[in-house]
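Please look over the sequence and the model before reading on.

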Amino acid sequence: MTTENVVIIGSGPSGLTAALYCSRALLNPIVFCGPLKGGQLMNTTDVENFPGYPDGVQGPELINQLEFQAGKFGTRYIDENVSSIDTNVYPYLVNYNTIEGSETIKTRSIIIATGSTPLWLNAPGEQELKNNGISSCAVCDGAFFKGKTVCVIGGGDSAMEDATFLSRYCEKVYIVTRRKELRASKIMEERARADPKIVWKSGFTVVKWNSDENKKLKSVTLKSTTDESNLTWDLLCEGGFIAIGHKPETDFIKSTKIKLDSEGYIDTEINTTLTSISGVFACGDVTSSNKRYKQAVTASGQGCQAALDCEKYLESINQL
Ligand code: NDP
C-alpha cells in the first residue's frame with residue numbers, strides 16, 4: 001500500500017481550500033467528499049458575503065468552482081465517508097467503506113474539515129413527521145410548501161435565512177423563538193422583520209408536533225417561556241423547519257486522542273490548525289476556533305492555514 005502525503009476529510013469550503021493549497025504545493029492530496037459533497041453550502045441559495053462575488057453566488061455553484069479549482073492542480077476526490085482514523089500507528093490509517101467492503105489508506109498527515117450538521121429539537125411527534133412536514137433544510141424542502149403556512153424554530157441567522165427564503169413560497173411564515181432577544185445578525189433580523197409574510201412568536205418553546213389523519217404535520221403545540229401558567233396552545237402549520245444550531249461531525253475520531261471541547265468541536269492550538277496529535281490538522285466548522293464565526297469565508301481561510309501547517313509539518317519530518 002502506498003503512503004499518501006495528506007488525506008483531507010470533508011469537501012466544504014475549508015476542505016476544498018486546503019485541497020487547493022496542498023495540490024499547488026504538489027502534495028497530491030486526496031479529499032474524502034462524504035455523504036453531502038460540498039457540505040452545508042450545498043443547501044444554501046444566495047451567498048452574498050463571499051468576497052469576490054459582488055452579485056452573490058449560489059452555494060452549490062461556489063462549491064463546484066472550488067472543486068474544479070483544486071482539481072486543476074491534481075486533487076483526487078473519493079466520494080465516500082471516512083468511518084474511522086487510526087493515529088496510534090504511523091503512517092496514520094484512514095478507514096472507509098465502499099459497496100465492495102472496507103478500505104484503508106496510509107497517510108503521513110490528515111486534515112479534518114468535516115464541518116457540522118443541524119440539530120433537532122427531538123420534541124414528541126418530531127421523528128414521525130420528518131419528511132412529512134418537518135425538515136431542517138428550508139432550501140431543500142421549501143418548494144413543497146407553496147401557498148401554505150409554516151413555522152421556523154430558532155432565532156439565529158439560519159432561522160432568519162430560512163424564514164426569508166420560505167416566504168418566497170409560503171403564504172405565512174411564523175418564526176418561533178424561545179427568547180425575545182435574537183442571536184441573529186442585525187441585517188438578517190431586519191430583513192426578516194421587513195417581510196410582510198413573516199409573523200413573530202417570540203418567547204415560546206415547542207411542546208410537541210401534531211399530525212392530521214394522513215400522518216402529515218397539522219400544528220405545533222407551543223408554551224410560553226415568559227409566564228408560569230404552563231398554558232399551551234396550537235399553532236396551525238403544515239411545515240415545521242428547525243434551525244437551532246449544529247453538531248460537529250467528530251464521531252469518526254472518537255477512538256483517537258484528538259482533543260475536543262465540551263461541545264465536541266476539535267480544539268486547535270491557538271492561532272494554528274494543529275490538533276493535539278502531531279500531523280493531524282483541523283479547519284472550518286468542526287473546530288472550536290470557527291464556532292464563533294461559522295462563515296464560509298472563515299472556514300475557507302482556515303483551510304488555507306491547515307494546508308500551510310501541513311506543508312510545514314511534512315517539511316519538518318523530511319517528507320518534502
Ligand atoms: P445559532 O447557534 O446562532 O442560533 C441557534 C438559535 O436556535 C438560537 O436562537 C437559539 O436560542 C435557538 N435554539 C437552540 N436550541 C433550541 C431549542 N432547544 N429550542 C428552541 N430554540 C433553540 O445557530 P445558527 O445555525 O442560526 O447559526 C450558526 C452560525 O452560522 C452563526 O454564527 C451564524 O451567523 C452563521 N450563519 C450565517 C449565515 C449567513 O451569513 N448567511 C446563515 C446561517 C448561519 P437561544 O439564543 O435562546 O440559545
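The model is a predicted one.

**Strands around E7**

Strand E7 covers residues 92-98. Of its 7 residues, 5 are buried, so E7 is largely enclosed by the rest of the structure. The link from E6 to E7 is a hairpin of 5 residues.

E7 also pairs with strand E8 (residues 101-112), again in the antiparallel sense, here over 7 bridges. Tyr92 lies opposite Thr107 of E8, and Leu93 lies opposite Lys106 of E8. A hairpin through 2 residues leads from E7 to E8.

E8 has parallel pairings as well. Strand E1 (residues 3-9) pairs with E8 in the parallel sense over 6 bridges, and Ile8 has Ile111 of E8 as its bridge partner. Strand E19 (residues 280-282) runs parallel to E8 and is joined to it by 3 bridges. In that pairing Ile111 stands opposite Phe281 of E19.

| Strand pair | Sense | Bridges |
|---|---|---|
| E7 and E8 | antiparallel | 7 bridges |
| E1 and E8 | parallel | 6 bridges |
| E8 and E19 | parallel | 3 bridges |
| E12 and E13 | parallel | 5 bridges |
| E14 and E15 | antiparallel | 7 bridges |

**Val94**

Val94 is found in strand E7. Is Val94 buried or exposed? Its relative accessible area is 0%; buried means under 20%, so Val94 counts as buried. Leaving aside neighbours within four places in sequence, the residues in contact with Val94 include Val7, Phe32, Val82, Ser84 and Ile85. Glu103, Thr104, Ile105, Thr107 and Ile110 are also among its contacts. Glu263 lies 169 residues from Val94 along the chain, and the C-alpha atoms of the two are separated by 24 Å.

Five strands form an open sheet with parallel pairing, in the order E10-E17-E11-E12-E13. Strand E10 (134-135) and strand E13 (198-202) are at its edges; each has a single partner strand, so one side of each is left without a neighbour in the sheet. Strand E12 (residues 172-177) is paired with E13 in the parallel sense over 5 bridges. Tyr174 stands opposite Val199 of E13. Helix H5 packs on this sheet and touches strand E11 (149-153), E12, E13 and strand E17 (239-242). The direction of H5 makes about 170° with that of E11.

H5 (residues 157-166) also meets helix H6 (residues 186-193): their axes come within 9 Å and cross at roughly 30°. That angle makes H5 roughly parallel to H6. The crossing of H5 past H6 is left-handed. On the H5 side the contact involves Asp157, Met160, Glu161 and Thr164, and on the H6 side Met188, Glu189, Arg191 and Ala192. By class, this contact has 3 nonpolar, 1 polar and 4 charged residues.

**Helices H1 and H2**

Helix H1 (residues 13-24) and helix H2 (residues 59-72) have axes that come within 8 Å and cross at roughly 20°. The two helices are therefore roughly parallel to each other. H1 passes H2 in a left-handed crossing. Pro13, Leu16, Ala19, Leu20 and Ser23 of H1 make the contact with Ile63, Leu66, Glu67, Gln69 and Ala70 of H2. These residues divide into 7 nonpolar, 2 polar and 1 charged.

**The antiparallel sheet**

A further open sheet has 3 strands in the order E14-E15-E16, with antiparallel pairing. Its edge strands are E14 (204-211) and E16 (232-236), each pairing on one side only. Neighbouring strands here are turned by 30° against each other on average, direction ignored. E14 pairs with strand E15 (residues 217-224) over 7 bridges in the antiparallel sense. Val206 has Leu222 of E15 as its bridge partner.

Key. Residues numbered from 1 in each chain as written. Predicted model: local features only at pLDDT ≥ 70, side-chain atom pairs only at ≥ 80, totals over all residues. Heavy atoms only, no water. Pairing = 2+ DSSP bridges. Helix = DSSP H or I, 4+ residues; strand = E, 2+ residues; numbered from the N terminus. Axes fitted to C-alpha atoms, helices over the stretch in contact; angles between N-to-C directions. Buried < 20%, exposed > 50% of the residue type's maximum accessible area, 1.4 Å probe, protein only. Parallel < 35°, antiparallel > 145°, perpendicular 65-115°, else oblique. Left-handed = near helix turned anticlockwise from the far one by under 90°. Contact = heavy atoms within 4.5 Å. Nonpolar A, V, L, I, M, F, W, Y, C, P; charged D, E, K, R; others polar.
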